[in-house]
Amino acid sequence: MGKYAIKRLIQIIPVLIIVSIAVFSIIHLIPGDPAEIMAGSNATDEQVAALRHQYGLDKPIWSQYLIWLENVATGNLGYSLTNGFPVNKLLLQRIPATIELAIAAAIIGTLIAFPLGIIAALKPGSFIDFFSTLFSALSFAVPSFWLAILLILLFSLQFKLLPPSGRPDFSEEPIEHLKSLIMPALTLGIAMAAKLTRYLRSSMLDVLHQDYVRTARSKGLSERSVVVRHAIRNALIPVITVFGLQIGDLLSGAIIVESIFSWPGVGRLTIQAISWRDYSILQASVMFIVFAFLLVNLLTDLTYGLINPRIRYE
Amino acid sequence: MRTKLLFVAVLILVFSMLVSCGGAPAAPEVIEKTVVETVIVEKEVEKVVEKEVEVEKVVKETVVVEKEVVVEKEVIVEVTAEPAQAESESTEPQLGGTLNMSLGPDFITFHPYFDVSTAQFKPIFYEAPIRIGDDGDFEPWLAESWEESEDGLSITLNLRQGIMFHNGREMTADDVIWSVDHARNTEFGHHLSDRFLLATGAEKIDDYTVKINYSEVGPKLDGIATMQIFPQEALDDIETAPVGTGPFKFEEWVPGDRLVGVKFEDYWQEGLPYLDKVVIKPIPDEQSRMLNLMAGSIDALRGVPLADKTLLEQAPDITVTSSPAGFFFYAFIMNINEPPFDNPLVRQAMNYAIDREKIAQTAFHGAEVPVVEPYPETSWAYVSEFADFYTYDPEKAKELLAEAGYPDGFKTSMLIRGPSGPYLDQAQVYQQDLAAIGIEMELLPTELAQYFPALIGSEFAIASHGTGDATVDPSGLFEGAACCRPFRNFFGITDNETWFPEYKELIAKGRASLDREERKAYYHDALEIQMEQGWNIPTAWRQEIFAYSNRVHNFRTDMGGNIWLNETWLSQ
Amino acid sequence: MISATLSLNKQKNTDLTRPSEKYESLTRMAIQALLRHRSGMAGLIIIISLAVLALLAPVIAPYDPLEMRAPDRFQPPSSTYFFGTDEFGRDIFSRILYGTRIAFSVGVISIGIATVVGVATGLVAGYAGGTFDTIIMRLFDTLLAFPVILLAIVILAMLGPGSLNAILAVAIVNIPAFARLTRANVLVEKNKEYVEATRSVGAKPPRIVFRTIFPNTVSTILVQITVALASAVLLESALSFLGLGTPLPAPSWGSMLSVGRGYLAFAPWYGIFPGLAITLMVMGFYLLGDGLRDALDPRRQKLI
């Protein structure tokens, strides 16, 4: 198992290198030039050329990539083009915010999806089942950016309960910090709960019709222990994959949600870097997102094995 | 009546000189006295303004020495400005407190010589030898005074003594000399270099006197007012860690989260600043910025959503102010290389087709002022007879189009600055207005990273742009927007245009002259050509709008929208 | 609706090319199952009604969606303006009606492209195998490693914003899913007896792939199409929300929302109705996809 994990981890490296080349060439292919934005419309050709030189953009692209790769090998992700801020430091500041948001959203999503999905499956055709179908359809369909707006309208504007944006320092204002986390986490969590509820319900339904559940029932075990010991455990196995994929979706959703709530995470950083064409930040933040994506996939696979020992790792 | 007015005016003038030149800021007790004075003055504001007009007339006829005009103007502005202050200064400034505010998106760079969208923080950390006063004219700051040489080829700055940098070193003539060299240096690609194109360097007279030399006569003060002095040894980190002489000392910057400045104990203005700390939070979204202010999580902000301005003005505990119109305008611009806009009749038709009033009312929610002539009335280059050079007249526009050979209109597309926002909002009105005269226009909202290359490469027919060069001197308008500095001329204007050589010459003459009346005449003629040719249609002034809670007092913003917190205080 | 019926027709056509009574009855069973599927039917009804509204927009809409009436700016919902007016005095109800057309066309065109390209590559890659298969699938795996929205944003940054480019971006990000699904189906089908039989008769690979294997993958692809339509509508509105999709003044729901958000404080209706429209359409496709999945899966039919 440990060996397998290491093997999978090593396999990620070539993927990352390929992705890094892809990302590097794609972001440099995007039309637009950081020097032009920095210089603005009232600028001379010399000013733009001077900026391009400072940014190292006057070198051929392959050489820019090699320089980047060399720096990365020494653990240096480079410096922001526009202000020279070290990208390492920037990412270290942003990553915790995104991870915090993702975890909070995952918790909210799970807390909604588990009871809803399981009860719906236990009582198919009931009101709860209908409600769960409606809920998952509705929360899948609600655009997260709109939900965010509605939440702000309700909780910030109407009731003035929650701050509409920002992320105060936890060490200084712990309560304000948690309050600011609620709306973005809820926005993402609801989107996550949609699919999770759906999969949980159908997975539970499948399991409940399996022979071993019938056997367990016929052995006279209480319904409660049948459901808890046998059904849920087995129903979880396919759901784990969905959960992993959902974490990926969370990262994706974070890009928009972070922008709306001014949450200082990697997603907002990426959007900002795209509009400024800050190549070094963009490269690093996109690589982080892709890496996180791959890592979550790996973890999902490993957890899958933990829950279901029948799967053999080769 | 007149004598009484004059007495009050002189009193206030003396007071304002005390404040600006006296080194030490006015102590609270002094301010209380002026409150009494200004209450009387308040009622007579209108009449004073009348008087200004009279004085201007006198100037026109007899060419009185310029300085007197300046003095009169200063009086007017002080008078109008004081009543507002009187309200906020009804109590003594209180020491201490943290001011939380947001200027919009996150900072791009703290290098003071870059004019990026977030540069308004500058006066918090940095200061220049002179600054732009509330009256739109220059006033002494780090330099106590300045003298321009007779030939107009040099300017001497007399620096204040005992001004300290945040790093604990005293600022002297050497720092100014270095700053001039750094400002002139084009290798860094910063924006200040084009204001120092004519500067050849600076020389030291003594530790507190510097002479800046120029190769040609030209406007100098706009450049000096934006030349923030910072210590040479801080250059390497200046983009991420500002060091200057300002009232607050940089503490930390967490990108995307906060910028923190703390009270600079050795600030040259004794007893200032009042605040202990300034925290600037990036909140890119206008709406959430405003909600944060209303919720009290910030005390002040820049950039109120235009639609919400009136709403916010009615809020009892919030004050809304805006920087004066005249520094920057929204514009409908044309590339005169691109048919059919190569035809001046078509360009004039565009000028008549656009309903500026409707733009101001809809796209700008009545919060911005429509403009035809690209100078504000406060500028000495303003020509009153050009104020309605073009009026909204779709019939006339149609006639001009027919005359130009397009009786049925044509199809075109408009490049728009930014994927959303005011440039797109007004473009939607343009689209309607042009449709009314038979022109079908496609809108191309473009993010800045692609907008600027397209604009500068002249890869557009028409664009929804913003221009104006944010200078007090009227030369900035011409040089920034069409010619004659080495800016890239994206309007597609070349010497092949029969009118262009004359236009260029007028501008060059305007710049090289030291006589204001003479300059005024040159700029009048140049402006006339520009308006006749009509390639750059000003639509509305763009003002920076600020809002702050009533806890905040003496929140000063200047014409460029920069924020001055030296005298700001919070009621606890 | 348009796409749903189109797809159903497509399926019938393929049936005609390869008449098989068994298949015919399966289709009928599936349709019947769908008709019995409560939420699936709800989805179908939503989509059909939206399609009718889109088609009849010029008849129903009380105003021109682009006409500005400056005196009537920011009117709250009333009997004159059902959903209120926007910052230029345009009728939001009419704009949303016309927006239905944009949403449908973006969804249908982009997913149409994604289906054709994705299914074709999936069929070829799955049947041919070898290097072609490896390269194509590695490429798609790389694409799938990016969050969808990020990929779409990057593509639009490259192509420049605009409705056509937004359609293309939505199509591109959807291709890998179709290709992988089809490929997986082909891998299962290609060793089945009936394929072997066709091969032994001497049929050429293109014929085997498109005439023999393809019809058997239709049902899963159909489900994928409906689900993809739902996310396509969402993605396009997200892109428009970011200012990268259908440009204003075209009444795209996403861009309306993006502008409406700016007036949240005093014109909440401006931000609410376009979002409601998006939710309704996405929900329609989602429920329909759900119903179709259950209806086309014989194992699930029992559960309905």
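**Chain contacts and folds**

Modeller: Let's begin where two chains meet: 42 residues of chain A are in contact with 38 residues of chain B, contact being C-beta atoms, placed from the backbone, within 7 Å. This is a predicted model, where local features need pLDDT of at least 70 and side-chain atom pairs count only at pLDDT 80 or more, while totals for chains, interfaces and linings use all residues. Residues are numbered from 1 along each chain as its sequence is written, and chains are lettered from A and ligands numbered from 1 in the order in which they are written.

Biologist: Which elements give two or more residues to the side of chain A that touches chain B?

Modeller: Those are α2 (34-39), α3 (45-55), α5 (87-122), α7 (144-158) and α11 (266-276) of chain A. The largest share, 7 residues, comes from α3(A). Helices here are DSSP runs of H or I with at least four residues, strands are E runs of at least two, and both are numbered from the N terminus.

Biologist: And by class, what does that side of chain A have?

Modeller: The side touching chain B has 16 nonpolar, 17 polar and 9 charged residues. Ala, Val, Leu, Ile, Met, Phe, Trp, Tyr, Cys and Pro count as nonpolar, Asp, Glu, Lys and Arg as charged, and the others, Gly among them, as polar.

Biologist: How many residues of chain A are in contact with chain C?

Modeller: 32 residues of chain A, meeting 30 residues of chain C. The side of chain A that touches chain C divides into 28 nonpolar, 4 polar and no charged residues.

Biologist: Which helix gives the most there?

Modeller: α7(A), with 6 residues. Helices supplying at least two residues to that side include α1 (2-29), α6 (127-141) and α10 (223-260) of chain A.

Biologist: OK, chain A by itself. How many helices and strands?

Modeller: Chain A has 12 helices and 0 strands. Its C-alpha trace spans about 85 × 55 × 35 Å along the principal axes.

Biologist: What about domains in chain A?

Modeller: An automatic or database domain assignment supplies the bounds, dividing chain A into domain 1 (34-76) and domain 2 (93-307). Their C-alpha centres lie 39 Å apart.

Biologist: How much of chain A counts as buried?

Modeller: 46% of its 314 residues, where buried takes 20 or more other C-beta atoms within 10 Å of a residue's own, exposed takes 12 or fewer, and partly exposed is in between.

Biologist: Switching to chain B. In what order do the strands of the open sheet come?

Modeller: The 5 strands run β15-β14-β16-β13-β17, and the pairing is mixed; a pair needs at least two DSSP bridges. At the edges sit β15 (440-446) and β17 (536-541) of chain B, each pairing on one side only.

Biologist: In what sense do β13 and β17 of chain B pair?

Modeller: Antiparallel, over 5 bridges, with β13(B) covering residues 329-334. I333(B) stands opposite N536(B) in β17(B).

Biologist: Last one, chain C. At what angle do α8 and α9 cross?

Modeller: Helix α8 (residues 193-201) and helix α9 (residues 205-241) of chain C cross at roughly 145°, their axes coming within 10 Å. Axes are lines fitted to C-alpha atoms, for helices over the stretch in contact, and angles run from 0 to 180 degrees between N-to-C directions.

Biologist: Which residues make the contact?

Modeller: Y194(C), V195(C), T198(C) and R199(C) from α8(C), with I208(C), T212(C) and I213(C) from α9(C). By class, that contact has 4 nonpolar, 2 polar and 1 charged residues.
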